[in-house]
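Let us learn to read a protein model, one feature at a time.

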Amino acid sequence: MSKILDEFLKSNLNDLKDNGLYNEINVVSGANGAVINVEGQELINLSSNNYLGLATNEKLKEVAKSAVDSHGVGAGAVRTINGTLDLHVELEETLARFKGTEAAVAFQSGFNCNMAAIQAVMNKEDAILSDELNHASIIDGCRLSRAKIIRVNHSDMDDLRKKAKEAVESGLYKKVMYITDGVFSMDGDVAKLPEIVEIAKEFDLITYVDDAHGSGVMGKGAGTVKHFGLEKDIDLQMGTLSKAIGVVGGYVAGTQDLIDYLKVAARPFLFSTALTPGDTRAITEAVNMLMASTELHDRLWENGNYLKDGLKSLGFNIGSSETPITPCIIGDEKTTQTFSRRLMEEGVYAKSIVFPTVARGTGRVRNMPTASHTKEMLDEALSIYEKVGRELNVIS
Ligand code: PMP
């Protein structure tokens with residue numbers, strides 16, 4: 001191995017470990033449901049993004065298997081060569097109906113979708129106003145576009161208006177975009193979309209919402225944009241198919257022209273093999289299920305509220321979440337990691353999230369209740385939280 005690389009790796013790994021920032025990755029055996037087997041231990045799972053429990057849904061498993069039988073295990077090529085399957089077309093028509101737009105295009109992951117779409121639409125003559133708490137894939141997509149990136153204070157509409165005005169009136173940029181998460185994944189708060197749309201109209205900003213954590217959760221399942229009735233006002237509705245939808249992938253929904261353009265300009269669409277037949281069919285079925293019934297969505301919210309009320313009444317700081325995402329903010333990184341490890345030893349799998357995923361000093365254990373949890377599971381989790389919270393003096 002190169003000596004320089006060896007030194008670089010060792011010094012970085014040691015620094016992370018010394019500062020309590022090195023995240024151990026656990027191995028899960030079997031299905032990722034409300035209860036999971038982590039290295040031989042059965043745990044109540046409060047760590048997944050499987051909001052509606054669809055990752056283990058029987059009907060979805062059945063349709064995925066039948067798509068493998070009819071279409072094979074892989075798409076065979078990138079979409080533009082011969083990888084566009086009838087199943088992809090069916091999925092994209094379904095996604096457009098789900099999102100209330102003219103059209104949609106699917107990508108292989110949510111991360112790669114942000115890299116694809118931002119870079120396709122924006123370039124070095126443009127500027128992107130970006131909420132400071134936006135997801136890493138948005139940050140990377142913005143960097144890749146080579147547009148000027150202007151950070152906007154989190155959900156601060158005065159700061160957005162001021163910076164939008166400056167950017168537009170400077171005359172330096174051809175296009176200006178505002179990009180935001182719909183639901184912020186670390187705190188569970190919701191973007192102020194009605195005010196954002198108002199400002200965007202005033203300054204002709206392009207609007208881009210990453211609704212990875214809003215789809216299936218907000219707007220009776222249809223997402224944050226639909227929650228506010230703004231389907232005609234948000235230019236790019238992006239989302240993942242890996243969280244509430246339970247499978248894998250990402251999409252952008254918008255006008256037919258936008259989608260036609262992404263299909264000729266978005267590099268991961270042009271140069272990376274398409275979603276597999278099994279995944280594609282399962283996603284379409286999942287989206288159809290969400291459009292047909294709000295039962296799973298309603299159960300998710302019921303469980304989310306139950307867990308939140310329980311943790312709050314035990315005295316934990318659960319921040320300002322407006323969604324089922326329930327952070328328990330501990331602060332110090334090392335205590336946060338000890339807290340999570342002790343929860344795991346007692347039977348709850350809720351991972352610590354520390355810098356650089358969140359700001360230094362705001363370490364947290366993030367709880368993601370799902371539609372599949374029972375009240376008994378949540379009660380057991382709460383009593384474990386109480387025990388560990390007292391032991392580590394996080395609650396009195
Ligand atoms: N955007 C946001 C806001 C996310 O939270 C995530 C996943 N953590 C992604 C994009 C990437 O999605 P995926 O995991 O489907 O690649």
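The dialogue below goes from the whole chain down to single residues.

Q: What kind of model is this, and how are residues numbered?
A: This is a predicted model, in which local features need pLDDT of at least 70, side-chain atom pairs count only at pLDDT 80 or more, and totals for chains, interfaces and linings use all residues. Residues are numbered from 1 along each chain as its sequence is written.

Q: How many helices and strands does the chain have?
A: Helices (H or I, at least four residues) and strands (E, at least two) are DSSP runs, numbered from the N terminus. Here there are 15 helices and 14 strands.

Q: Why is the chain called as compact as a globular protein of its length?
A: Take the radius of gyration over C-alpha atoms, then apply the globule rule: 2.2 Å times the number of residues to the power 0.38. The chain has a radius of gyration of 21 Å, close to the 21 Å that the rule gives for 396 residues, so it is as compact as a globular protein of that length. Along the principal axes, its C-alpha atoms fill a box of roughly 55 × 55 × 55 Å.

Q: What share of the residues is buried?
A: Count the other C-beta atoms within 10 Å of a residue's own, with C-beta atoms placed from the backbone: 20 or more means buried, 12 or fewer means exposed, and in between means partly exposed. Buried residues make up 51% of the 396 in this chain.

Q: What share of the contacts joins residues at least 24 apart in sequence?
A: A contact needs two C-beta atoms, placed from the backbone, within 7 Å. Take the contacts between residues at least 6 apart in sequence: 70% of them join residues at least 24 apart.

Q: Which domains make up the chain?
A: Domain bounds come from an automatic or database domain assignment. Here domain 1 covers 3-56 + 294-391, and domain 2 covers 72-292. Their C-alpha centres lie 27 Å apart. The contact between them takes 22 residues from domain 1 and 18 residues from domain 2. On the side of domain 1 that touches domain 2, α13 (295-314) and β11 (326-331) each supply at least two residues.

Q: How do the residues on that side of domain 1 divide by type?
A: Ala, Val, Leu, Ile, Met, Phe, Trp, Tyr, Cys and Pro count as nonpolar, Asp, Glu, Lys and Arg as charged, and the others, Gly among them, as polar. This side of domain 1 has ten nonpolar, ten polar and two charged residues.

Q: Which residues come nearest to the ligand?
A: A residue is near a molecule if its C-beta atom, placed from the backbone, lies within 6 Å of it. Of the 14 residues around the ligand, Gly-110, His-135, Ala-212, Thr-240 and Ser-242 come nearest. Helix α5 (residues 110-121) gives the largest share of the shell, three residues. By type, the shell has two nonpolar, ten polar and two charged residues.

Q: Is Asp-210 buried or exposed?
A: Asp-210 is buried, with 33 other C-beta atoms within 10 Å. Its place is strand β8 (residues 206-210). Not counting residues up to four places away in sequence, Asp-210 touches Asn-114, His-135, Ile-138, Asp-181, Gly-182 and Met-238.

Q: Where does Val-358 lie, and how far is it from Met-186?
A: Val-358 sits in the loop between β13 (352-353) and β14 (363-367). Val-358 and Met-186 are 172 residues apart in sequence, and their C-alpha atoms are 7.3 Å apart in space. Val-358 counts as buried because 20 other C-beta atoms lie within 10 Å.

Q: Which peptide bond is cis?
A: Look at the bond from Phe-355 to Pro-356: it is cis, with omega near 10°. Pro-356 lies in the loop between β13 and β14.

Q: What is phi in Arg-146 and in Lys-220?
A: Phi of Arg-146 is near 65°, a positive value in a residue other than glycine. Arg-146 lies in the loop between α6 (136-145) and β6 (148-152). Lys-220 is not a glycine either, and its phi is about 55°. Lys-220 is in the loop between β8 and α9 (224-227). Arg-146 is partly exposed, with 13 other C-beta atoms within 10 Å. Lys-220 is partly exposed too, with 16.
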